[in-house]
Amino acid sequence: MRVSFNEYFLQLAELTSKRSTCQRLKVGAVIVKNNRILSTGYNGSIKGHEHCIDVGCLKNDEGRCIRCIHAEANALLFAKTDLEGAVIYVTHYPCENCSKLIAQSGIKKIVYKNEYENTYSREFLRDLEVIHFR
């Protein structure tokens, strides 16, 4: 049986998440336009800094790791093309900061697999199509 594009790109996002260096949560993202992969990203430390898998997570007061750049942000940083109208496939529902970056980038659709509780994300994603694909 042939998988749908949603299944295919979400599976690629899950595979990408296996590169994550965060111990708390492994997240992967794939940006696609016209069913062509533009960029991928996973959560990990900034260039030249220690990784969570080596020194532990650096958590804020909410218990979120702040050592890592999020998968969505990394995918956006590595995309070297116009993202207007693109789709981002993510293993987890984006946080509020990634939601703002995604909305600002011109991406018009988010497809995600796992829920991630976030109070403010929906505010920033209100103009995008958001699909929870199980």
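The lining of the largest pocket splits into 14 nonpolar, five polar and five charged residues (Ala, Val, Leu, Ile, Met, Phe, Trp, Tyr, Cys and Pro count as nonpolar, Asp, Glu, Lys and Arg as charged, and the others, Gly among them, as polar). This is a predicted model, where local features need pLDDT of at least 70 and side-chain atom pairs count only at pLDDT 80 or more, while totals for chains, interfaces and linings use all residues. Residues are numbered from 1 along each chain as its sequence is written, and side-chain values use heavy atoms, with hydrogens and water left out.

**Largest pocket**

- Its volume is about 360 Å³; a pocket is an open set of points on a 1 Å grid over the protein atoms alone, where a 1.4 Å probe fits, with protein on both sides within 12 Å along at least five of seven lines, and lining residues have an atom within 4 Å of a point.
- Of the 24 lining residues, Arg 64, Cys 65, His 70, Cys 95 and Tyr 116 sit closest to the centre.
- Helices H3 (71-78) and H4 (96-105) each supply at least two lining residues, and H4 gives the largest share, four; helices (H or I, at least four residues) and strands (E, at least two) are DSSP runs, numbered from the N terminus.

**Second largest pocket**

- This one has a volume of about 260 Å³, and its lining includes Tyr 42, Lys 47, His 51 and Phe 78.
- H3 contributes the largest share of that lining, three residues, with strands E2 (36-42) and E3 (44-45) each supplying at least two.

**Helix H4**

- Glu 96, Cys 98, Ser 99 and Ile 102 are buried in H4 (under 20% relative accessible area, 1.4 Å probe, protein chains only).
- Seen down the H4 axis, these buried residues fall within an arc of 155° (directions from the axis to the C-beta atoms), so they line one face of the helix.
- Their cover includes H3, strand E5 (87-92), strand E6 (109-114) and helix H5 (121-124).
- After H4 comes Gly 106, with a positive phi near 100°.

**Nonpolar cores**

- The largest nonpolar core has 19 residues, and Ile 31, Leu 83, Ile 88, Ile 102 and Ile 107 touch the most other members; a core is a set of buried Ala, Val, Leu, Ile, Met, Phe, Trp, Tyr and Cys residues joined through side-chain atoms within 4.5 Å.
- Strand E1 (28-33), H3, E5 and E6 give two or more residues to this core, with the largest share, three, coming from H3.
- Apart from this core lies another of eight residues, among them Leu 10, Ala 13, Val 32 and Val 87.

How values were computed: Points joined across faces, edges and corners; volume = space filled by probe spheres on them. Buried < 20%, exposed > 50% of the residue type's maximum accessible area, 1.4 Å probe, protein only. Contact = heavy atoms within 4.5 Å.
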